[in-house]
Amino acid sequence: MDIQQLEVLCKQLYEATDISVRAEAEEALVTFVNSPDALPKCQLLLDRADSSYAQLLAASTLTKLIQGLSLEQRIDIRSYALNYLATRPNLQHFVVQALVTLLAKITKFGWFDSYKGEMVFQNLLEDVKKFLQGSVEHCTIGVQILSQLVCEMNSIVELDVHLSFSKNRKIATSYRDQQLYDTFLLSCSLLITARENSKTINFMDESQQALISHVLRLTKNCLSFDFIGSSTDESADDMNNVQIPTAWRPAFLDSNTLKLFFDLYQILPNGLASYSISCLVQMTSVRRSLFSNSERTKFLTHLVEGVRDILTSLHGLSDPDNYHEFCRLLARLKSNYQLGELIAVPCYPEAIELIAKFTVHSLHLWLFAPNSVHYLLTLWQRMVASVPYVKSPDPHLLGTYTPEVIKAYIESRLDGVALIVHDNLEDPLDDLCMVQQQLEQLSVIERCEYNKTCSLLVQHFDQKARMYENLLQTPNANPVDITIRELQLTWLVYIIGSAIVGRLSVTTSDEHDTMDAELVIRVLQLMSLTDARLPQAGCEKLELAILSFLDQVRKMHSSEQAQKANVYKRLSEVFGLSDEQMLLSFINRKIITNLKFWGRSEPIITKTLMLLSDLSVHFNSVRKLARLEEVQFMLTHHTSEHFPFLGTNSTLSEMRCRTMFYTSLGRLLMFDLGEDEERFYNFLEPLTNQFESLGSVLMDSNIFPNDEAKKATIGLARDLRGLALPLNARIQYTMLFEWLYYADYLPILLRAMELWAHDPAVTTPVLKLFAELVHCRTQRLAGNVSSPMGILLFREASKLICIYGNRILHLDVPRDRLYPMRLKGIAICFLILKNSLGGNYVNCGVFKLYGDNTLDNVLNIIAKLILSIQQSDLLEYPKLSTAYYNLLNCLSQDHVSYLAALEPSAFVYILKSLTKGLAALDSAIYISCCTILDSIVSYIFKQLQMKVSTFPNKKLRSLNQENAQFLKVVEINSELLQSMMSSLLNNVLAEDCRNQWSMSRPLLVLILLYEDYYRSLKDRIICGQPMEKQQTMAQWFDDLMVGIERNVSSKNKEKFTQNLSTFRRDVVSLPKSTGNLTALSCDRPVCGGGFKPCESESSPY
């Protein structure tokens, strides 16, 4: 492929409008990237510089080739890239970025490489300083290089250059200690220059703007560096401390550093000013131990004064980016400093007043940067939460300002409803996650001056409820007005719920209990009003708010610690609810009402069932619930007549709720069921009736069932799975099984699988039901040796797997529907078999003894299902990989002989999947693969020992035909096991060796099986070391096998694990040379061709 052709392909890839042309160009370019002559052609593309897209391709290709390059090639590329950027400062921005990324990655990868006694790649900072002495464009490129280098050094995962985590941290630590502080000081000096020349610099000029932007980003990147390797989640970094090294103290003790960024905020235009606030956010979060007490007070004083000055002038806060970053800065003030320290700042009274005014103003402007409100509420939440711990004699003034904040929040939400409804704006109530987050913060703030909060809530609630009631009584009332009142009441119900649950975090008094009661009474009265309208109309959002409120009431008034006397006194006066039992009855009536009238609303049904589930999960509440008439009604009337969502008119998504419903009913039923079979079968009567009517349709071969029968099957499967979940006792579970088996209901489910094997809407619930039925949770299937239940259940589950497997294997499934249509069902089949065999309630030897082919059939179909899965799909779908490796783990532990009896192709597939699993990033999969491999190779070793055994009585230890065939398969595919040995040994030598104990077990057996291959690996590793270290390495390998016998006993493996731990400690402590200890499995060839350094005369390099 010549250079002109590559340039044409690049243009087609980025500019062509025809998708097929772009796809062909992409395919051709991928081939080029992987070709052996890619390296010299990249230089030709860059030298020609005819196409920006070709330059981008060349730079990104070189970045991908870094790992396969020699040290000299990498040094040449580094020099070439620097010269290229120096001589061509006006490249397209994306080309510059690609070259800068190349420089940063190649520098990181070769950070510890030495060439002719010089650490070449550690000189980048000095090289970049030459850029800073040139034009604005050169200076911008230099800053970009440094900024990208900081980002690369701070990167946690470097898969593209295959650096281990520990190697990443060593490089990052070295860079932090040697150059990061100098880089920070350099960026600050550039910013000081910009401030001093602010009157002569045109910040609206594009080049100047780009330079200042990159310098500020560089500064922020320096301050955001992961100094101690804590690997924090960047999405949740708002309350983390910045672990600035002690060596940086001078910069932070100098008050001019803070002043610099506050000055830049005042000077820079919108679009740039927010970066200076971002830097202040990071500086505000520096670790407390960096300062002494007096130094911290001085630092905090400068910070608060800077914040006060911004709030006084409100300069730049009309810009959304500036506003957002400033809100983050306010939140950080309290996250890193104690309230007592803030109070001690001389300007605190003025600052807290301004912050309160700013918060109130921001809350009223809820359409402007709504995501920033979180930070303001965080500040007030943390300050209020700190009040009990303040020892300062000076007033904190929160009692003065928090009521204003609460009032602003409430009124802004109420006032905004009309605007949302009339202008059809996005409703914040649609984002319940955000609402709940704000309410959690509000629950703490409201408890400061709680009497004022309650008075305000009562005033607003009474007013809005009265208006709502009047509207409902007015004939032909405007529906828009009704909607507005309903949404206003929705906000008030949510806020009242947060207010009463806030008592969990504070010490309450009788006065507070009385106020809580007044709030609870008003919401319960509203609930009665809305329930009375339900047959005609209802508001979904208001119902969700009421359910959320009832959940808060449950938390408060179902706990033994809550002081409830005054609350129940008022509730008794208004509603006659004198104790917790009556309150629970009231809540359950609401649950029944919702299940009856809101069957078509999935959010309400789900939330209602979650409330029922939460009530039924705690012993104390179950004990009281079980006696309620409302609960007894649900246990005897769980039919579609009373609860429409149980009918076949529901959508498939709505039917998912049924599992949760029957799980809750099951818990309530089991509480005092004991051995009362009659009561249990009476409870099952609605399900019995459904099975009988469904059976008459499905079991008739002359009738093809309709959609109603399909939905009935789905519903029954979900209902039964929900019911089986809480049946943890053997007696109650046996009742369920006998009802299913001896009433011939299981064949109906098998028949449904035959009819709808192609439809995951049916197969998934049925398969999940069987996965639950065969699960021996809390030994519910074990213990009764005279019962055939375990074997009977296993036979039915095996039939199901065979029916599903035989049909799904012959079904053509499009690639984009592969997981839901096939792989998901296969994963559940793996789970069924794993639960069946791992439950230890089925004696698998019985089947062969009595000529029953159930086990053989299911293992054969499982083998076919395994072979139908592409190896690449195994690790792509986490649920599939978990189910697959868990099944193999179960089979290898207790049924390894069945694995040995598999057809050769299936066994080879398993070995290949283990090879992939040993390279997986998921520790659980890695450990499972080690355990599976250990069991398999230990079995192979024992069979080989048996083959050559001189045991006196050969009848006891003879090799049967199946095992002889198995050993032949192993011999033919020995390279797979040898490659796994190589992989495990590489992991031992790697710097971040994971799960050392797990990997040591199979490694020993593989060494004993393939001693010659092990010796060749050992010799290659030793020869790869410098001459002076080879003897030491050889001795360590000899010590590894000291005391190891030729057997696979647990004692022998334990001894090897101890030796391996010592071996690894010695290897890791060995000073690293340019030789690579882990080069055993590096399959990537060194790139062919040379790379000539640039010889431009105009370049300073």
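**Reading charged pairs, helix contacts and patches**

Modeller: R679 is partly exposed, because its relative accessibility is 22%; buried means under 20% relative accessible area, exposed over 50%, and partly exposed in between, with a 1.4 Å probe and protein chains only. This is a predicted model, in which local features need pLDDT of at least 70, side-chain atom pairs count only at pLDDT 80 or more, and totals for chains, interfaces and linings use all residues. Residues are numbered from 1 along each chain as its sequence is written, and side-chain values use heavy atoms, with hydrogens and water left out.

Biologist: With which residue does R679 meet in a salt bridge?

Modeller: Side chains of opposite charge can pair when their charged atoms come close. A salt bridge here is a side-chain nitrogen of Lys or Arg within 4 Å of a carboxyl oxygen of Asp or Glu. The partner of R679 is D672, at 3.0 Å from N to O. D672 is partly exposed as well, at 45%.

Biologist: How many salt bridges does a search of the whole structure find?

Modeller: The search finds 42. One of them joins E295 and R249, again at 3.0 Å, N to O. E295 belongs to helix α14 (residues 293–313) and R249 to helix α11 (residues 249–253), so this pair ties together parts 46 residues apart in sequence. Helices are DSSP runs (H or I, at least four residues), numbered from the N terminus. Both residues are partly exposed, E295 at 22% and R249 at 24%.

Biologist: Is R780 buried or exposed?

Modeller: R780 counts as buried because its relative accessibility is 0%. Its salt-bridge partner is E772, with the closest N and O atoms 2.9 Å apart. E772 is also buried, at 7%. Elsewhere, salt bridges with shared partners join D551, R554, K555 and D614 into one network.

Biologist: At what angle do the axes of helices α26 and α29 cross?

Modeller: Axes are lines fitted to C-alpha atoms, for helices over the stretch in contact, and angles run from 0 to 180 degrees between N-to-C directions. Helix α26 (residues 580–597) and helix α29 (residues 629–636) cross at roughly 35°, their axes coming within 8 Å. Contact means heavy atoms within 4.5 Å. From α26, S585, N588, R589 and I592 meet E630, V631, F633 and M634 of α29.

Biologist: Where is L419 placed?

Modeller: L419 is in helix α19 (residues 398–423). L419 is partly exposed, because its relative accessibility is 35%.

Conventions: Helices (H or I, at least four residues) and strands (E, at least two) are DSSP runs, numbered from the N terminus.
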